Amino acid sequence: MTWKSTWPNKPDIVLEGGNAARDPSGNVDCPDDLSLLTTYWGITDKLFVPTGDTSAATAQAARLGAILSARYPDLWPETLRALLIHSAEWTPAMWQACGNDRNLLLRRYGYGVPHLDRACWSASNLLTLIAQDDLQPFVKPANGNEVRTKDMNLYELPWPRAQLEQLFDTQVELRVTLSYFIEPNPARRGWKYKHRYASHGLRFAVRNPGESLKEFQARVSKDAQEETGPPGFREPGWRLGPLLRSRGSIHSDRWVGTAADLADRQHLAVFPVSGWWKERPQLERWRNRVRYALVVSIHAPETNIDIYTPVEALIATPIEVE
C-alpha cells in the first residue's frame, strides 16, 4: 500500500499463509499449530516442518502453475500467469475489509484467490477462450526519426450470438485478462516517470454495443498513438475500468451487462502503448516483437442454455486474426 499509484499492482494473487495469534497484552506470535505443514529437507532429522507467510503462499502458487503446465504443456508462461489471475476472486472478507473500494482491493489483494478448477476447465455456462499471439509494438519510418506505435491485433470472438440473444436481458459477465512480460530499463530509473521502466505496454479494448467496427478501430488506433497514461476513452460496465487495470504488465477486468449487449460486443483489440523502447530510439529496441496471452471468458447464470457447445463448433475450423 505504500507503493506509488503508478507502480504495478502487487501481489497478482493471494494464497493461504497460515495465521497469527495475539495475546491479551497485544503481542503477536505465529505458533506451529496455526501454520501450514510442509516437508523438511533433512529427512533423517524429521519429515515435516511448519511454514507460513509469503514462503507458503508462493509455494502454493508455484504448485498451481505446475499443475496447469503439466495439463497443458503447450501453454506459455504468459498464459499460465493469465489463467491463474483470470480464475481469481475477491472473497467476502476482502470486500468487507476494503469497504468495497476496488482500488484498495486491487492494491492490497491483487486479483484475489485463484481457483484451479476454473483455470483448468470450461463449463456449459462458463466459456473460456485463450489466444497466444505476438505483435511488433513500434516502428521507425524510413523517412523520420520518431518511433511510432505499429501493430494492433483485432479479434472477432466466436460469440454464441443466438444463445446470448435468447438470454436477452439476463445479466452476464465478460472477463478479459491480458498477460505479457516487459524488458526492464537497463538504467533502472524505476517507476517515477511514465514509460521509463517498462520496455512497452499493451492494452485491450472491447467494442461497445452500437459501435461500428470502423468506429472501434479508429478509437483504438487514436488511443494507441496518443496514449501517455491510461486510455482516454471510457467503457461503461467494467468493474475496474481502464484507469485501474492499466498498471503493470497484467491487465484483468470484468464487464457485467445484459446478454443482448454482450452479443453485440464480439470484437476485441490488443494494442501497444509507449515505453522506453519508443522513448530511446537509439537503442533500436523498437524492432522487437513481443508475445502476449489473452484469456476471454463468458459467465452466464445457471440456465438451460448451453453457450459452450456452439462455440466449440465454431472453432472447429481456424479463425483468422487480423
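How many Å should the 19 residues of helix α1 span, and how far apart are its end C-alpha atoms? Before selecting anything, note that this is a predicted model, in which local features need pLDDT of at least 70 and side-chain atom pairs count only at pLDDT 80 or more, while totals for chains, interfaces and linings use all residues. Residues are numbered from 1 along each chain as its sequence is written, and side-chain values use heavy atoms, with hydrogens and water left out.

**Helix α1**

Select residues 53-71, which make up helix α1; helices (H or I, at least four residues) and strands (E, at least two) are DSSP runs, numbered from the N terminus. At 1.5 Å a residue the helix should span 27 Å, and its end C-alpha atoms lie 28 Å apart, which agrees; the expected span is 1.5 Å times one less than the number of residues. Next, colour A56, A57, L64, G65 and L68, the buried residues of α1, where buried means under 20% relative accessible area, exposed over 50%, and partly exposed in between (1.4 Å probe, protein chains only). These buried residues pack against β3 (36-39), β4, α2 (77-86) and α5 (116-120).

**S179 and its surroundings**

Now select S179 in strand β9 (residues 171-179), which counts as buried at 0% relative accessibility. The side chain of S179 reaches the backbone oxygen of E78 at 2.9 Å. Not counting residues up to four places away in sequence, S179 touches E78, R81, A82, S249, I250, Y292 and A293, a contact being heavy atoms within 4.5 Å.

**Salt bridges**

The side chains of R81 and D12 meet in a salt bridge (3.9 Å, N to O), a term for a side-chain nitrogen of Lys or Arg within 4 Å of a carboxyl oxygen of Asp or Glu. This pair links distant parts of the chain, with R81 in helix α2 and D12 in the segment before β1 (21-22), 69 residues apart. R81 counts as buried at 16% relative accessibility, and D12 counts as buried at 15%.

Select D151 and R289 next, whose side chains also meet in a salt bridge (3.8 Å, N to O). Here D151 lies in the loop between β7 (148-149) and β8 (153-156), and R289 in the loop between α10 (276-279) and β13 (290-299), 138 residues apart. D151 is buried, with a relative accessible area of 17%, whereas R289 counts as partly exposed at 47%.

Finally, go to E211 in the loop between β10 (201-206) and α7 (213-226), where the side chains of R219 and E211 meet in a salt bridge (2.8 Å, N to O). To end the tour, select E89, R118, E173 and R254, which are linked in a network of salt bridges.

Note on methods: Polar contact = N/O pair within 3.5 Å; in protein donor to acceptor, adjacent residues only side chain to side chain.
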